[in-house]
Amino acid sequence: MEAKATAYSNIALVKYWGKRDEKLILPTNPSLSMTVDAIFTTTSVRFDESLTADTFTLDGELAGADATRRVTAALDHVRAVAGTRAAAVVDSVNSGPTAAGLASSASGFAALATAGAAALGLELDDTQLSILARRGSGSASRSIHGGFVEWQMGVEADGRDSHGIQVADEHHWDVVMIAACVDAGAKDVSSRDGMRRTVDTSPYYQGWLDTVEDDLANVRRGIQERDFELLGTAAESNALKMHATTLAASPPFTYWLPASLEIMQTVRELRASGTEAYFTMDAGPHVVVLCQPDDAALVNARLGELAGVTQTFVSHPGPRAHVTRTAE
Ligand code: PMV
């Protein structure tokens, strides 16, 4: 009735940006990410028939009502598969970078689904696990796999074909992702609220949808052929288009801070001076810079020198989510 699992976060090269079904968390477009080895969550789940409600501890502190509700909702899907109503004690620890505000929902909900299923003795395949992770947070569907992972949007109304599939494993190609963290300041618009507002109100949203398949084809080919320029160009352009949709939303919003722009400009300067580097950004002000292993030290040093950068984290392609312990 107890299991512990570790899952690694992922950074999208083609973003998931918009839901066609809010309840089932079904996306309006396919996405493709790299699982990253430096950002991860370790979660233990213990089911106990005598408990009346789930408890959720995050980084050593009892979590608030909202976070606990999300964990309960995600665990309910695991409980439904197992046919149990037992409540659980959930204990999650994020690696350093997530505390800095980097993509913790992907690793968090992938670890929760993996540990929860193992604790209940469910023997699920990756498709089933990815679907369970997706119900917690869309991007978590990709963190079940290691390496480079596509989230097929699927066409079925019940979401049974909307899950992650591996495009290439973590040994295929050493792409380096350097997360440059900035001082986040005021509270962000969550990815959930941001994508909803954009889908509902941004006249640029259709433009996003119209070009995402081409970006996906280029990113996929860049990975298969280990063509860094093709990968980086398509990923950077895709991120800029996603962020452009927010500027035209009503009310408008942006995740960019002055420091984010400073990092983007530095990446362009690096490129102009012959170092191949590209950037991407999720629903927050931090910037993730893509480069090749031989350039990683130089790129990391340049980013670290910027006044607006608080810390950097260097990641390589990471492994799949996995169970580290089970007990009765
Ligand atoms: O899974 P969520 O709800 O945290 O959404 C993630 C959305 C982006 O990070 C902006 C893009 C992505 O594909 O990860």
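Predicted model: local features only at pLDDT ≥ 70, side-chain atom pairs only at ≥ 80, totals over all residues.
Residues are numbered from 1 along each chain as its sequence is written, and side-chain values use heavy atoms, with hydrogens and water left out.

Seen from Cys291, the closest cysteine sulfur is in Cys181, at 15 Å, again too far for a bond. A disulfide is a pair of cysteine sulfur atoms within 2.5 Å. Searching the whole structure gives 0 disulfides. Cys181 is buried, at 1% relative accessible area. Cys291 is buried too, at 0%. Buried means under 20% relative accessible area, with a 1.4 Å probe and protein chains only.

Now the ligand. It is surrounded by 14 residues, and the closest are Tyr16, Ser105, Ser137, Ser139 and Arg142. The shell divides into 6 nonpolar, 5 polar and 3 charged residues. Asp, Glu, Lys and Arg count as charged; Ala, Val, Leu, Ile, Met, Phe, Trp, Tyr, Cys and Pro as nonpolar; the others, Gly among them, as polar.

Polar contacts are pairs of N or O atoms within 3.5 Å. An N or O atom in the Ser137 side chain is 2.8 Å from a ligand oxygen. For Gly138, a polar backbone atom is 3.4 Å from a ligand oxygen. For the Asp282 side chain, the distance from an N or O atom to a ligand oxygen is 3.5 Å. On its own, the ligand has 380 Å² of accessible area, and the protein covers 93% of it. Accessible areas come from the Shrake-Rupley method with a 1.4 Å probe.

Methods: Buried < 20%, exposed > 50% of the residue type's maximum accessible area, 1.4 Å probe, protein only. Near = heavy atom within 4 Å. Polar contact = N/O pair within 3.5 Å; in protein donor to acceptor, adjacent residues only side chain to side chain.
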